[in-house]
Amino acid sequence: MIPSGTSSSLSPSSVPLAVENNPRTGNFGALVRIFLGRTKELKISTECQDQLFIWQAHNALFMIRCLLKVFISEMTEEELHLQFSYQERAPGSCDTGREDLLEELICNLVHLVVEVPLLDITYSILFEAVTTMLVLLSYQLFHKEMLRDGLIYQYLMKERCVSLTSRLVKTLLYNFIRQEKCPPPATHIFDQQSDGGGLLYGLASGVASGLWSVFTLGGASSKPGLEQEQNPLPLSNQSLLLLLVLANLTDGLNDCPNPYRQAVTCFKNTQDTSSIPTEQHHTFQINFNSLYTALCEQQRSDQATLLLYTLLHQNTNMRNYMLSRTDMENLVVPILEILYHVEDRNSHHVYMALIILLILTEDDTFNRSIHEVVLKNITWYSERQLTEISLGSLLILVVIRTIQYNMTRTRDKYLHTNCLAALANMSAQFRCLHQYAAQRIISLFALLSKKHNKVLEQATQSLRGPRGADDSSVLPDYAQDLNVIEEVIRMMLEIINSCLSNSLHHNPNLVYALLYKRELFEQFRTHPSFQDIMQNLDTVIGFFSQRLEAAGTDLSVERVQEVIMKGAQALPNDRLKKFPELKFKYVEEDQPEDFFIPYVWSLVFNSGVGLHWSTTNIQLFSMDSA
């Protein structure tokens with residue numbers, strides 16, 4: 001038994017002793033058998049409110065999980081398998097038993113998660129079951145290469161577990177959806193009986209409360225109350241992490257598809273009455289409205305954002321449902337807030353948020369509708385008070401801010417590309433851009449222009465100056481910098497042109513900002529990389545400049561805007577050259593598991609409740625990236 005206040009792991013000295021003695025004593029296997037014996041009656045015990053029985057099963061699983069975590073960090077899967085096979089025996093005997101306790105444990109954990117209902121009295125053991133499955137899968141942490149066919153992987157892919165795939169994935173999703181807080185320790189395990197409960201009650205209650213304190217506080221290595229404050233929803237958090245780990249397992253040998261990923265990619269709405277295609281394996285139905293609400297509420301965490309990305313990218317049913325919602329601001333605004341606070345987020349979280357926007361902007365209906373949603377008082381946007389702005393304009397502001405941050409800090413071409421792709425996808429549907437959003441588009445172009453001139457000047461000076469034998473790399477570097485900055489400038493010009501060509505009369509503020517900074521575009525008129533795209537901008541600038549000159553001098557802002565709005569109606573469509581529509585589609589890189597598996601396990605490492613691995617043997621990712 002583990003007394004109150006101890007850590008949620010076994011002491012370092014006791015673990016080698018347990019490993020050394022286990023072949024003779026078989027204690028670990030005996031403990032597993034005790035747990036397996038309890039699991040067969042857990043569902044009935046729950047129905048009968050037999051809290052003592054549930055508590056005993058929980059304690060056994062808790063100790064199994066603590067031992068497993070250390071075993072897995074110290075030994076191979078084959079050596080771990082042996083720890084399950086040993087039984088108590090007399091000196092000189094060598095019988096190791098025939099039953100496969102490891103397989104039985106894995107299958108029973110899956111059954112426990114899907115069969116036992118989530119109640120106050122079962123919360124702790126369900127949490128332990130989910131956490132133990134994470135621990136069993138944690139071999140990946142200690143290998144740099146992607147594991148594709150290990151022993152535990154094989155057990156999860158066998159019929160006994162695979163037959164429960166859809167139920168397991170559905171249960172984990174509902175655990176995430178329900179967002180149940182852990183119940184108070186005094187109410188979820190034992191209720192004091194009127195007669196005082198006797199010695200058994202006092203002993204069991206004390207140990208159980210101690211275990212629960214360890215569970216909710218995360219062990220002695222955490223500051224009291226800190227982890228509980230950060231993880232008020234431990235079962236929800238742990239279930240989501242397990243779901244992401246399962247969904248990102250590699251396909252098996254001979255291209256055998258991952259059934260857990262199949263279940264994530266093809267589930268349907270409970271309100272969808274259409275028949276399920278026979279070729280779709282492991283599908284099920286779930287309440288999309290509840291899932292959508294949970295996703296909107298939980299985007300502050302990396303794992304919820306990763307789940308949203310996974311569903312948008314891989315589950316067509318869920319993506320279509322999200323895009324049909326009339327309250328998309330509830331989903332989009334939290335994503336924009338992630339990007340706005342880019343300085344405080346890890347790069348993977350920012351990438352996921354940005355790719356989500358890119359996927360959403362592939363849909364023209366989304367690009368139109370976001371300009372019809374009006375938001376009030378965006379308190380987290382601090383550069384300027386936004387008392388009223390459309391969701392579309394806010395999205396443009398945040399993406400442009402991300403580009404500017406990237407230009408001055410991280411200089412990540414991948415981030416630039418995806419930001420510009422999202423703006424390009426939206427550009428033909430820009431409507432009634434907020435004055436500040438229009439200004440920021442032109443300001444970004446001004447920043448790019450300034451950077452272009454600086455790089456060009458440096459390249460010119462390097463050509464004129466003396467060059468030694470070790471200066472051969474200078475010119476290629478400048479040429480590469482110029483090439484990159486000109487690609488970005490070209491894209492910005494195409495975005496502006498797309499808006500002017502398709503919806504000029506809807507965007508007087510952009511025309512105003514363009515005219516106000518018209519001198520910025522002079523140097524690019526004759527540049528061979530931009531001549532074609534500059535024709536339309538020249539036409540627009542020239543057309544409206546003439547109308548403003550005809551309107552007189554010393555015009556007020558209101559009068560200028562009036563001239564622009566009338567001119568926009570008068571400009572013939574055929575005056576502007578048509579260019580191919582700007583459309584970009586997100587495509588995962590080859591071998592996406594090389595990115596996602598380390599990312600998912602870094603989330604487990606950093607966010608798993610009550611899981612504290614030593615960094616010594618971690619091979620999958622560096623501690624800096626984690």
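How many helices and strands does the chain have? This predicted model has 29 helices and four strands. Of its 626 residues, 53% count as buried. Among contacts with a separation of 6 or more, 74% join residues 24 or more positions apart.

**Helix 19 and helix 22**

Two packed helices are described by the angle between their axes and the distance between the axes. Here the axes of helix 19 and helix 22 come within 9 Å and cross at roughly 20°. Angles under 35 degrees count as roughly parallel, so helix 19 is roughly parallel to helix 22. The crossing of helix 19 with helix 22 is left-handed.

| Helix | Residues in the contact |
|---|---|
| Helix 19 (residues 329-340) | Glu-329, Val-332, Val-333, Leu-336, Leu-339, Tyr-340 |
| Helix 22 (residues 391-408) | Leu-391, Leu-394, Leu-395, Val-398, Arg-401, Thr-402 |

By class, this contact has nine nonpolar, one polar and two charged residues.

**Helix 29**

Helix 29 covers residues 593-607, and at 1.5 Å a residue its 15 residues should span 21 Å. The end C-alpha atoms of helix 29 are 20 Å apart, which agrees.

Is helix 29 largely enclosed or largely open? Because 12 of its 15 residues are buried, helix 29 is largely enclosed by the rest of the structure. Its buried residues include Phe-596, Ile-597, Trp-601 and Phe-605, as well as Glu-593 and Ser-607. As for the partners, the buried residues of helix 29 pack against helix 7 (123-137), helix 14 (234-247), helix 17 (302-314) and helix 20 (347-360).

Note on methods:
Residues are numbered from 1 along each chain as its sequence is written. This is a predicted model: local features need pLDDT of at least 70, side-chain atom pairs count only at pLDDT 80 or more; totals for chains, interfaces and linings use all residues. Side-chain values use heavy atoms; hydrogens and water are left out. Axes are lines fitted to C-alpha atoms, for helices over the stretch in contact, and angles run from 0 to 180 degrees between N-to-C directions. Helices (H or I, at least four residues) and strands (E, at least two) are DSSP runs, numbered from the N terminus. Angles under 35 degrees count as roughly parallel, over 145 as roughly antiparallel, 65 to 115 as roughly perpendicular and the rest as oblique. A crossing is left-handed if the near helix is turned anticlockwise from the far one by less than a right angle, and right-handed if clockwise. Contact means heavy atoms within 4.5 Å. Ala, Val, Leu, Ile, Met, Phe, Trp, Tyr, Cys and Pro count as nonpolar, Asp, Glu, Lys and Arg as charged, and the others, Gly among them, as polar. The expected span of a helix is 1.5 Å times one less than its number of residues. Buried means under 20% relative accessible area, exposed over 50%, partly exposed in between (1.4 Å probe, protein chains only).
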